[in-house]
Amino acid sequence: MGKPKLLGIRYARLAQPVKDTWEVEAKGADPDVKKAALAKLKSLKTLEARITTNVLTAGDTVQHNHWPACLAKDYGAVPNLFRFELADRWRGLYALIGEPGGVRAVILYLWDHATYDKMHGYAKK
């Protein structure tokens, strides 16, 4: 089986505001905040390039029993889930959604490491 045709990459409603914040911070005056935001945006560009190269191997597959509980509430039924790492210990999750003619990569979440651990049940209580 060959790799599916990629129709595009989209940021979902909970990931887009995080990316927008990073873009604003990347233009800001605080050098530390700017540097961190630029690093995270560069990580996203790298992910997008990897998705474009091979959509099936760009991220790590998340086993269904490790999917965050909020996923179904936030997005409904999702057929698959992949994780990826970003700069500054941030994590992201994306899904491949089948459409006529191929698949679209939808970036669902961009979380800091503590939130990622909490949502996946890894954080200590």
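Me: In which sense do strand β2 (residues 60–61) and β3 pair?

Reply: Strands are DSSP runs (E, at least two residues), numbered from the N terminus, and two of them pair if DSSP finds at least two bridges between them. Here β2 and β3 pair in the antiparallel sense over 2 bridges; D60 has R83 in β3 as its bridge partner. This is a predicted model, in which local features need pLDDT of at least 70 and side-chain atom pairs pLDDT 80 or more, while totals for chains, interfaces and linings use all residues. Residues are numbered from 1 along each chain as its sequence is written, and side-chain values use heavy atoms, without hydrogens and water.

Me: Which residue stands opposite R83 in β4?

Reply: That is L93. β3 and β4 pair in the antiparallel sense over 4 bridges and form a hairpin with 5 residues between them. D88 in the turn has a positive phi of about 60°.

Me: How many aromatic pairs does a search of the whole structure find?

Reply: A pair of aromatic rings is described by the distance of the centres and the angle of the planes. Rings of Phe, Tyr and Trp (its six-membered ring) pair if their centres lie within 6.5 Å; planes under 30 degrees apart count as stacked, over 60 as edge-to-face and the rest as tilted. The search finds 5 pairs. One of them, F84 and Y94, is tilted because the centres are 6.0 Å apart and the planes at 45°. This pair links β3 (residues 82–85) and β4 (residues 91–99).
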